[in-house]
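Hi there,

Here is the structure I promised to pass on to you. Have a look at it first, and then read on for what turned up.

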Amino acid sequence: MSSEPDQRNGAGDDEDSGGLPEDQMFEMLTRVSLDDLSACRQVSAQWRRLTYEPAFSPLHCRRRADAVVSGYFVQGMARNRYSATFVSMHPSQTDAEPSVSLDFLPSAHVRVVAVSAHRGITCCVDADADAAARMGGKASSGSCYYVCKPATRQWRALPNPRLRFPTAVTAMVARPAGAGAAADFKILRLSVPTLRDHLRCEIFDSRRCAWRRSADVIVWPESLVAASPAVRAHGAMHWLRWPDRVSAAEDIFAFDMKSDSWRLIVLPPEVEERTGRWAGKKLVTVEGKLCLVVIVDEEADVWVIADYGRHQERWEKKMMVDLKNLGMQEGRALILRDLCSCEVAFFNSVYRVIWYDFWRGKIAEVPVHHKCIHEVFKYESDLVPWDIDENNT
């Protein structure tokens, strides 16, 4: 693996840490709460880098008195039924804590559509009711949408959006809150209207307990249908778009849920020159920054936006990873699902998922009952009960 020069021993480290040795700062950060960890990552580049090191997550999960659950929901479909399984590289979690699942929800057939970055709040839909509405059938009079906290097995029903319009993409954000406090959250749903020349935008606000209509999104609807789960970075949600009908260009659709605004981000020109294959591209976040992974001929190039938010973003090539040895060692085709850090990646194959360190080799392997995994959602949560009543009206 090749990458940019390591800045770990930069001159600014002592200033960022207030004079404390880096190992002491690392120990301190492993004991902060999950909500406070998000704030700590905004303090300095050094603190952010320390909290994304491969050794940080296992220690953070073990040392928190209120416990932290960290892993992924992997979702597949078999015989027209969705199922989602929680997997973690920390085996002690499954032994010491109740298993994380969705079996406590009132519907027997649910689909995960979005997961917030804070407090483990998850949005699910009743897959049967949603499918019936999309096929033109009568929508259920009951709730089709649920929001839940799987780590504490709590849930609440939400009012339904306009189910007769098929969903293109869904995203969710939750505001960090103190222990026991209510977590405000928003859900974004972009759907495909009858005319199919734009996207219909609806946003659910937990403070009002209602969906509201926002301005239509003027992009080709099919460019986002069947997109991967949203990638949150820099305060916005991001999806890779299929080539546009008009320009035939590939780009990134970004939606800011604070301002209800959206924009398109152009991919690096070097990527377009090297490959035009959509299947070889994936959005991820590395140390809180939006990155594009491009896989060609068993090599993965990782690009990062150096100056996010400007009118014309500047992409930089962060690193290149050789996947040939990994494929030879495992003996099966592996699909890259996420980058946990610059050094650790999350893969899946047939009936298994793997965490792999590019320098040290395989970290963990977990069997799953999914032959084919369709969607992967990063999941981090504390075990503090969610004060649901505060959000009910």
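Let me start with a question: does Tyr379 count as buried or exposed? With a relative accessibility of 0%, Tyr379 is buried, because the cut-off for that word is under 20%. Please keep in mind that this is a predicted model.

Aromatic rings

Another pair is made by Phe346 and Trp355, whose centres are 4.8 Å apart; their planes are at 45°, so the pair counts as tilted. Both Phe346 and Trp355 are buried.

Charges over rings

Two tyrosine rings are worth a click here. Lys378 has its charged end over the ring of Tyr72, at 4.8 Å from the ring centre. Arg263 places its charged end over the ring of Tyr308, and there the distance to the centre is 4.9 Å.

Strands

Next, please find the open sheet of four strands, which has the order β12-β13-β14-β15 and antiparallel pairing. Its edges are β12 (231-233) and β15 (261-266); each has a single partner strand, so one side of each has no neighbour in the sheet. From one strand to the next, the twist averages 30°. Within this sheet, β13 (residues 236-240) and β14 (residues 251-256) run antiparallel and are joined by four bridges. His238 has Ala254 in β14 as its bridge partner.

There is also a hairpin to look at, built from β10 and β11 with four residues between them. Cys209, in the turn, has a positive phi of about 50°. The strands β10 (residues 199-205) and β11 (residues 210-217) pair in the antiparallel sense, with six bridges. Along this pairing, Cys201 is found opposite Ser214 in β11.

That is the tour for now. Enjoy exploring!

Best wishes

Definitions and conventions
Residues are numbered from 1 along each chain as its sequence is written. This is a predicted model: local features need pLDDT of at least 70, side-chain atom pairs count only at pLDDT 80 or more; totals for chains, interfaces and linings use all residues. Side-chain values use heavy atoms; hydrogens and water are left out. Two strands pair if DSSP finds at least two bridges between them. Helices (H or I, at least four residues) and strands (E, at least two) are DSSP runs, numbered from the N terminus. Axes are lines fitted to C-alpha atoms, for helices over the stretch in contact, and angles run from 0 to 180 degrees between N-to-C directions. Buried means under 20% relative accessible area, exposed over 50%, partly exposed in between (1.4 Å probe, protein chains only). Rings of Phe, Tyr and Trp (its six-membered ring) pair if their centres lie within 6.5 Å; planes under 30 degrees apart count as stacked, over 60 as edge-to-face and the rest as tilted. A charge sits over a ring if NZ of Lys or CZ of Arg is within 6 Å of the ring centre and within 35 degrees of the ring normal.
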